Amino acid sequence: MRVPRSLAFGIGLAALAIGAGLCEPTLAANATLRGQDMPPGFGRLALTFDEPTPTRIRVNNGVLVVAFASPVKIDINKIAKELPEYITLARLDPDGRGMRFALPKMFRANLIEAGDKAFIDLLPENWTGLLPGPPPEVITEMAERLRQAEARVKEAARQPRPQNKPLIVRGAKLPTLERLVFQAPLEPVSRLRSRTAR
(Lines give C-alpha, C1' and ligand atoms only; values in the text may rest on other atoms or scores of the structure.)
Protein backbone atom coordinates (compact mmCIF):
# COMPACT_ATOMS: atom_id res chain seq x y z
CA MET A 1 0.00 0.00 0.00
CA ARG A 2 1.34 3.39 -0.94
CA VAL A 3 1.33 6.02 1.84
CA PRO A 4 0.25 9.53 0.74
CA ARG A 5 3.09 12.05 0.73
CA SER A 6 1.35 14.36 3.25
CA LEU A 7 0.82 11.47 5.69
CA ALA A 8 4.43 10.36 5.33
CA PHE A 9 5.58 13.92 5.96
CA GLY A 10 3.45 14.11 9.12
CA ILE A 11 4.79 10.79 10.38
CA GLY A 12 8.31 12.01 9.75
CA LEU A 13 7.72 15.20 11.73
CA ALA A 14 6.24 13.23 14.63
CA ALA A 15 9.25 10.90 14.65
CA LEU A 16 11.62 13.88 14.70
CA ALA A 17 9.69 15.49 17.56
CA ILE A 18 9.80 12.29 19.59
CA GLY A 19 13.50 11.84 18.88
CA ALA A 20 14.23 15.41 19.97
CA GLY A 21 12.16 15.04 23.13
CA LEU A 22 9.69 17.70 21.99
CA CYS A 23 6.68 15.53 22.82
CA GLU A 24 7.67 15.04 26.43
CA PRO A 25 5.27 16.88 28.79
CA THR A 26 6.66 19.94 30.52
CA LEU A 27 6.76 19.52 34.28
CA ALA A 28 4.65 22.16 35.99
CA ALA A 29 5.98 24.20 38.87
CA ASN A 30 3.96 24.32 42.08
CA ALA A 31 2.82 27.67 43.43
CA THR A 32 0.65 29.12 46.17
CA LEU A 33 -1.54 32.20 45.83
CA ARG A 34 -2.95 34.36 48.58
CA GLY A 35 -4.61 37.76 48.67
CA GLN A 36 -4.17 40.58 51.15
CA ASP A 37 -5.87 43.93 51.58
CA MET A 38 -2.98 46.32 52.22
CA PRO A 39 -3.39 49.27 54.67
CA PRO A 40 -2.41 52.01 52.17
CA GLY A 41 -5.52 51.16 50.15
CA PHE A 42 -4.65 48.54 47.56
CA GLY A 43 -4.98 44.79 47.07
CA ARG A 44 -2.00 42.44 46.78
CA LEU A 45 -1.80 39.00 45.21
CA ALA A 46 1.22 37.11 46.58
CA LEU A 47 2.61 34.20 44.54
CA THR A 48 5.22 31.78 45.91
CA PHE A 49 6.75 29.27 43.47
CA ASP A 50 8.82 26.20 44.24
CA GLU A 51 11.23 27.45 41.57
CA PRO A 52 11.76 30.89 39.99
CA THR A 53 9.10 31.40 37.30
CA PRO A 54 9.10 34.52 35.10
CA THR A 55 5.70 36.24 35.28
CA ARG A 56 4.04 38.91 33.16
CA ILE A 57 0.79 40.84 33.73
CA ARG A 58 -1.59 43.10 31.86
CA VAL A 59 -5.05 44.57 32.43
CA ASN A 60 -7.43 44.36 29.49
CA ASN A 61 -11.13 45.36 29.57
CA GLY A 62 -11.48 44.90 33.31
CA VAL A 63 -9.59 41.59 33.37
CA LEU A 64 -6.18 41.07 35.00
CA VAL A 65 -4.20 38.57 32.93
CA VAL A 66 -1.22 36.86 34.58
CA ALA A 67 1.04 34.84 32.26
CA PHE A 68 3.78 32.39 33.25
CA ALA A 69 6.81 31.34 31.22
CA SER A 70 6.06 27.68 32.04
CA PRO A 71 3.04 25.73 33.34
CA VAL A 72 2.14 26.23 36.99
CA LYS A 73 -0.03 24.17 39.35
CA ILE A 74 -1.91 26.56 41.59
CA ASP A 75 -5.17 26.75 43.55
CA ILE A 76 -7.08 29.96 42.79
CA ASN A 77 -10.42 29.07 44.39
CA LYS A 78 -9.99 31.21 47.52
CA ILE A 79 -8.58 34.39 46.02
CA ALA A 80 -11.99 36.00 45.28
CA LYS A 81 -12.99 35.50 48.94
CA GLU A 82 -9.68 36.93 50.19
CA LEU A 83 -9.92 40.03 47.98
CA PRO A 84 -13.65 40.56 47.32
CA GLU A 85 -13.22 44.31 46.72
CA TYR A 86 -10.65 43.68 44.00
CA ILE A 87 -11.53 40.33 42.38
CA THR A 88 -14.96 38.96 41.51
CA LEU A 89 -13.97 35.87 39.53
CA ALA A 90 -10.75 33.88 38.98
CA ARG A 91 -9.89 31.34 36.30
CA LEU A 92 -6.80 29.24 35.55
CA ASP A 93 -5.93 28.61 31.90
CA PRO A 94 -6.22 24.91 30.90
CA ASP A 95 -2.49 24.70 30.06
CA GLY A 96 -1.49 26.19 33.43
CA ARG A 97 0.40 29.05 31.78
CA GLY A 98 -1.88 31.84 32.93
CA MET A 99 -4.59 33.12 35.25
CA ARG A 100 -7.40 35.58 34.62
CA PHE A 101 -9.13 37.71 37.25
CA ALA A 102 -12.30 39.71 36.69
CA LEU A 103 -12.03 43.13 38.36
CA PRO A 104 -15.10 44.98 39.71
CA LYS A 105 -13.61 48.29 38.54
CA MET A 106 -10.51 49.67 36.88
CA PHE A 107 -7.20 49.25 38.72
CA ARG A 108 -3.57 49.88 37.95
CA ALA A 109 -1.59 46.64 38.17
CA ASN A 110 2.02 46.58 39.34
CA LEU A 111 4.24 43.47 39.30
CA ILE A 112 7.12 42.88 41.73
CA GLU A 113 9.31 39.82 41.13
CA ALA A 114 11.66 38.69 43.90
CA GLY A 115 13.37 35.35 43.27
CA ASP A 116 10.81 32.57 43.73
CA LYS A 117 8.11 35.08 44.70
CA ALA A 118 5.96 37.53 42.77
CA PHE A 119 3.60 40.21 44.04
CA ILE A 120 0.83 41.79 41.97
CA ASP A 121 -0.59 45.00 43.40
CA LEU A 122 -3.98 46.31 42.31
CA LEU A 123 -3.78 50.06 42.82
CA PRO A 124 -6.53 52.68 42.45
CA GLU A 125 -6.42 54.56 39.16
CA ASN A 126 -5.69 57.80 41.04
CA TRP A 127 -2.71 56.32 42.92
CA THR A 128 0.08 58.88 43.38
CA GLY A 129 3.56 58.63 44.79
CA LEU A 130 5.98 55.73 44.85
CA LEU A 131 4.82 52.27 43.90
CA PRO A 132 4.71 49.74 46.76
CA GLY A 133 7.72 47.48 47.24
CA PRO A 134 8.06 43.87 48.37
CA PRO A 135 7.47 42.96 52.02
CA PRO A 136 10.42 43.71 54.36
CA GLU A 137 10.88 40.02 55.18
CA VAL A 138 11.34 39.24 51.47
CA ILE A 139 14.01 41.95 51.18
CA THR A 140 15.76 40.49 54.23
CA GLU A 141 15.59 36.97 52.78
CA MET A 142 17.03 38.08 49.44
CA ALA A 143 19.83 40.00 51.17
CA GLU A 144 20.70 36.85 53.15
CA ARG A 145 20.73 34.75 49.98
CA LEU A 146 23.04 37.30 48.34
CA ARG A 147 25.35 37.24 51.38
CA GLN A 148 25.53 33.44 51.29
CA ALA A 149 26.22 33.44 47.54
CA GLU A 150 29.06 35.95 47.99
CA ALA A 151 30.49 33.82 50.80
CA ARG A 152 30.47 30.74 48.55
CA VAL A 153 32.24 32.66 45.77
CA LYS A 154 34.93 33.88 48.18
CA GLU A 155 35.40 30.39 49.60
CA ALA A 156 35.78 28.96 46.09
CA ALA A 157 38.36 31.65 45.26
CA ARG A 158 40.41 30.69 48.34
CA GLN A 159 40.63 27.04 47.31
CA PRO A 160 43.95 26.13 45.64
CA ARG A 161 43.68 25.70 41.93
CA PRO A 162 44.73 22.29 40.58
CA GLN A 163 48.11 22.24 38.86
CA ASN A 164 47.90 21.66 35.13
CA LYS A 165 49.94 18.59 34.19
CA PRO A 166 51.71 18.45 30.84
CA LEU A 167 50.32 16.27 28.08
CA ILE A 168 52.85 13.75 26.81
CA VAL A 169 53.19 13.55 23.02
CA ARG A 170 55.16 10.85 21.23
CA GLY A 171 55.75 10.55 17.53
CA ALA A 172 56.23 7.52 15.33
CA LYS A 173 57.25 7.44 11.68
CA LEU A 174 55.99 4.58 9.57
CA PRO A 175 56.70 3.90 5.91
CA THR A 176 53.37 5.31 4.77
CA LEU A 177 52.43 7.78 7.54
CA GLU A 178 53.50 9.69 10.60
CA ARG A 179 51.66 9.08 13.88
CA LEU A 180 51.32 11.27 16.96
CA VAL A 181 50.38 9.57 20.22
CA PHE A 182 48.94 11.72 23.04
CA GLN A 183 49.24 10.31 26.54
CA ALA A 184 47.40 11.84 29.49
CA PRO A 185 49.35 12.30 32.74
CA LEU A 186 49.07 9.39 35.13
CA GLU A 187 47.05 10.04 38.27
CA PRO A 188 48.48 9.21 41.71
CA VAL A 189 47.66 5.73 42.94
CA SER A 190 45.89 7.10 46.05
CA ARG A 191 43.54 9.13 43.89
CA LEU A 192 42.75 6.11 41.73
CA ARG A 193 41.96 4.08 44.83
CA SER A 194 39.64 6.73 46.19
CA ARG A 195 37.71 6.77 42.93
CA THR A 196 37.45 2.96 42.94
CA ALA A 197 36.14 3.02 46.50
CA ARG A 198 33.24 5.21 45.49
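## A buried threonine

Thr-53 counts as buried because its relative accessibility is 4%, under the 20% cut-off. The model is a predicted one. Thr-53 belongs to the loop between strand S2 (42-49) and S3.

A polar atom of the Thr-53 side chain lies 3.0 Å from the backbone oxygen of Glu-51. Leaving aside residues up to four places away in sequence, Thr-53 touches Ala-29, Phe-68, Ala-69, Ser-70, Val-72 and Glu-113.

## Strand pairing around S4

Strand S3 (residues 55-60) and strand S4 (residues 63-68) run antiparallel and are joined by 6 bridges. Within this pairing, Val-66 in S4 is the bridge partner of Ile-57. The hairpin of S3 and S4 has 2 residues between the strands, and Asn-61 takes a positive phi near 55° there.

S4 also pairs with strand S7 (residues 98-102), in the antiparallel sense and over 5 bridges. Here Leu-64 stands opposite Phe-101 in S7.

## Aromatic pairs

The structure holds 3 aromatic pairs. One of them is edge-to-face, because the rings of Phe-42 and Trp-127 have their planes at 90°, with centres 5.6 Å apart. This pair links distant parts of the chain, 85 residues apart: Phe-42 is in strand S2, and Trp-127 is in the loop between strand S9 (117-124) and helix H3 (136-158). Phe-42 is buried, at a relative accessible area of 2%, and Trp-127 also counts as buried, at 18% relative accessibility.

The rings of Tyr-86 and Phe-107 form a tilted pair, with centres 5.2 Å apart and planes at 40°. Tyr-86 lies in the loop between helix H2 (79-82) and strand S6 (89-92) and Phe-107 in strand S8 (residues 107-114), so the pair ties together parts 21 residues apart in sequence.

Conventions:
Residues are numbered from 1 along each chain as its sequence is written. This is a predicted model: local features need pLDDT of at least 70, side-chain atom pairs count only at pLDDT 80 or more; totals for chains, interfaces and linings use all residues. Side-chain values use heavy atoms; hydrogens and water are left out. Two strands pair if DSSP finds at least two bridges between them. Helices (H or I, at least four residues) and strands (E, at least two) are DSSP runs, numbered from the N terminus. Buried means under 20% relative accessible area, exposed over 50%, partly exposed in between (1.4 Å probe, protein chains only). A polar contact is a pair of N or O atoms within 3.5 Å; within protein, one must be able to donate a hydrogen and the other to accept it, and residues adjacent in sequence count only if both atoms are side-chain atoms. Contact means heavy atoms within 4.5 Å. Rings of Phe, Tyr and Trp (its six-membered ring) pair if their centres lie within 6.5 Å; planes under 30 degrees apart count as stacked, over 60 as edge-to-face and the rest as tilted.
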